[in-house]
Amino acid sequence: MGERAGRWVAGGLAVVLLALLVATGLVVAGRDEDDEGLTTAQHDVAAAARTEALAFLTVDHRDMDPLVDAVLEGATGDFAEQYAAQRETLTSEAVRTEATSTPEVVALGVGDQDDDSATVLVAANSTVTNAGTGSEGQVRYYRLRLRLVREGGRWLTSDLRFVR
């Protein structure tokens, strides 16, 4: 399997995992902090990564289209293509399993940043409900690595992976 095909498979698996399951940074910000101590450039990257991570982890089987659109709004390149290709699967799995996921970012770290690219690690917790959890839901713990690139003056996610 070629490298690009492997990335497509890995990205697709990450997207499907999200539907089924309905940080080594330079600076770490907690859930109650306003990214204190970040430079302006780091703040912009952190805000974009936080927004994308929350969009990616949010699921509501009652109305998935705006949630998928929110992820695509902050995505570019292969990640945007992979995610868009999974729209139907994401929606049908969320509906089939009656899934909801309400996330919060608890920490993030901005690392390896230059003028046009950055890597951000995000720790997020999400309260997940689905047909198997009942109405009380379960807390799930996610660790994500986002690679962002600057396009048209905006930071967009070009790669998103679950990490340990």
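## Salt bridges

Count the salt bridges in this predicted model and you get seven. Three of the residues involved, Asp65, Asp69 and Arg87, join up in a network.

With aspartate 65, the closest N and O atoms are 3.2 Å apart. That pair also runs from helix 5 (residues 87–97) to helix 3 (residues 65–73), this time across 22 residues.

Aspartate 65, at 43%, is partly exposed, and so is aspartate 69, at 40%.

Another salt bridge pairs arginine 161 with aspartate 159, with 3.1 Å between the closest N and O atoms. Aspartate 159 has a relative accessible area of 18%, so it falls under the 20% cut-off and counts as buried. Arginine 161, at 22%, is partly exposed.

## The aspartate patch

Asp112, Asp114, Asp115 and Asp116 make up a negative surface patch. One of them, aspartate 114, belongs to the loop that joins strand 3 (100–111) to strand 4 (117–129). Its relative accessible area is 44%, which means partly exposed.

## The chain as a whole

Zooming out, the chain has five helices and six strands, laid out from the N terminus as α-β-α-β-α-α-α-β-β-β-β. Of its 164 residues, 46% are buried. The accessible surface is about 8400 Å², with 49% of that belonging to carbon and sulfur atoms.

Conventions:
Residues numbered from 1 in each chain as written. Predicted model: local features only at pLDDT ≥ 70, side-chain atom pairs only at ≥ 80, totals over all residues. Heavy atoms only, no water. Helix = DSSP H or I, 4+ residues; strand = E, 2+ residues; numbered from the N terminus. Buried < 20%, exposed > 50% of the residue type's maximum accessible area, 1.4 Å probe, protein only. Areas by Shrake-Rupley, 256 points an atom, 1.4 Å probe, with all protein chains shown as cover. Patch = residues over 30% accessible without salt bridge, like charges linked within 9 Å, V, L, I, M, F, W, Y side chains within 5 Å. Salt bridge = Lys/Arg side-chain N within 4 Å of Asp/Glu carboxyl O. Lys, Arg positive; Asp, Glu negative; His and termini not counted. Charge placed at Lys NZ, Arg CZ, Asp CG, Glu CD.
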